[in-house]
Amino acid sequence: YIHYRRKKRIRFTFLSRKRPYPRHIFLPLNRKALMRFKAIKAVWAVIGLTLTFNSPIGLAADSLEAEQIYVQKLTDPQPNWLVVNDPNFLGNMDSKVLLMDVESNQMLGMLSTGAWRNAVEFSPNRDLVYSPETYYSRGTRGERVDVVTIYELETLSPLGEIEIPPKRGSGAAHRAYSGISFDGRFVYVFNVTPAMSVSIIDVVDQTFVEEIAIDGCAMVYPTGNFSFLSLCGNGRIRHTKLNHSGNLLESSFSDQIFDPMGDPLTEKAARVGGTWYFVSFHGKVVEVDASDDGVSELRTWNALSKKEVKKGWRPGGGQLLAVHDTGTLYLSLNRKGVDSHKLPGERIRAYSIRDQKKIFDIKPAEPVINLVVSSGENPILAASTQGPIILVHSAKDGSYLKQLRGPLLGTGVIQFLE
């Protein structure tokens, strides 16, 4: 800025980013200097007007077309797409679901899913996502509403929601807090208040059907189009059968299959076909064959030898068990001894289910919490850490492939889009 003081001097005022306050320089005034500065000022005024009204930028802006808003569609779902349920341990009322492509290490999209994230269910042809969710009218307080929200996978947009009893289980993230029937018609949501029950939701008709009490038992493990299992505190398994409308038809119980005091089963389990695989605190694997007709067969074998148990090896982690349909079972293990079933795994061990023997061990770069294996001829094993990062290994030989990072605030249940 140039300031004139008649007959005395010219004052220059300088402003810059580094010096936001005025800095003044005074120079002596003479007639030639005054004429020169007036001419410079007039030239810069003309240049400013020219740039404003006739610049190439201005002309180009007039010729630009208005940008159209669009949604990038996920038109070709792949079996190596990984669903990461992020409970957001820093703010559980605002959890989310991330969809990641393991092959390209890219995040494809994200869902905002309310409070206390657990897991999602998929329709049989993988075009719809069913997400049990909890919301409060004042964010962290007020009236509670539980819903199953239906999302379109192609756009990750909500298509509708089904209100359910405001009782859904909302403890630590757990895969068996929900499940879906084999034909994709019914979604099951486990409730605890602490009374235990299961909400039955018909996602085809988009209606809540019934709440079924499962006193003394917990979780849901689907076994057909109209049934599911639950683990009971007395060491037995409950089989709940529905009629074709989704209402309770009958319940039955197995004989005692584990000792709840001496060597209880963890509630973490994995399924292939009609067989559920459970593991005990001391590493005993329990295979449960079940269908809509009930529990048909039980088999047990030891994943850990007596010597290993004596040395302190135990199954440990959150989602500590994964099974591939070729007959390989993956188990997260730590060496922390008694009551370490919730601690991260220092090793991942692969077993042949047919031979009931170890195939190989993986020593992950960091202790792992959750495991999941993809399907297909070249399966991959994903394992999340407390970091949180996701380590990716070959499920065939355990070789390390890569690690995934994303905007994660925590990793709960991880699922492959299969």
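Trainee: In which loop is tryptophan 116 found?

Mentor: A word on the source comes before the reply. This is a predicted model, in which local features need pLDDT of at least 70 and side-chain atom pairs count only at pLDDT 80 or more, while totals for chains, interfaces and linings use all residues. Residues are numbered from 1 along each chain as its sequence is written, and side-chain values use heavy atoms, with hydrogens and water left out. Helices (H or I, at least four residues) and strands (E, at least two) are DSSP runs, numbered from the N terminus. Tryptophan 116 is found in the loop between β6 (106-112) and β7 (121-122). Although tryptophan 116 is not a glycine, its phi is positive, at about 55°.

Trainee: Is tryptophan 116 buried, exposed or partly exposed?

Mentor: Buried means under 20% relative accessible area, exposed means over 50%, and partly exposed lies in between (1.4 Å probe, protein chains only). Tryptophan 116 has a relative accessible area of 31%, so it is partly exposed.

Trainee: Where does glutamine 206 lie, and what is its phi?

Mentor: Glutamine 206 lies in the loop between β13 and β14 (207-213). Glutamine 206 is not a glycine, yet its phi is positive, about 55°. At 42% relative accessibility, glutamine 206 counts as partly exposed.

Trainee: Which residues does a cis peptide bond join?

Mentor: Threonine 193 and proline 194 are joined by a cis peptide bond, with omega of about 20°. Proline 194 is found in the loop between β12 and β13.

Trainee: How many disulfides does a search of the whole structure find?

Mentor: A disulfide is a pair of cysteine sulfur atoms within 2.5 Å. The search of the whole structure finds one. It joins cysteine 217 to cysteine 232, with S to S at 2.0 Å. Cysteine 217 lies in strand β15 (residues 217-222) and cysteine 232 in strand β16 (residues 227-232), so the link ties together parts that are 15 residues apart in sequence. Cysteine 217 is buried at 2% relative accessibility, and cysteine 232 is buried at 4%.

Trainee: What joins the side chains of aspartate 202 and arginine 185?

Mentor: A polar contact is a pair of N or O atoms within 3.5 Å; within protein, one must be able to donate a hydrogen and the other to accept it, and residues adjacent in sequence count only if both atoms are side-chain atoms. The side chains of aspartate 202 and arginine 185 are joined by a polar contact of 3.1 Å. Aspartate 202 lies in strand β13 (residues 196-202) and is buried, with a relative accessible area of 2%.

Trainee: How many residues does the largest nonpolar core have?

Mentor: A nonpolar core is a set of buried Ala, Val, Leu, Ile, Met, Phe, Trp, Tyr and Cys residues joined through side-chain atoms within 4.5 Å. The largest has 30 residues, and those with the most contacts inside it are Tyr188, Ile200, Tyr221 and Phe278. Its largest share, five residues, comes from β15. Apart from this core lies another, of 17 residues, including Val285 and Leu304.

Trainee: Where does aspartate 263 lie?

Mentor: Aspartate 263 lies in the loop between β18 (248-253) and β19 (265-272). The side chain of aspartate 263 reaches the backbone nitrogen of histidine 282 at 2.9 Å.
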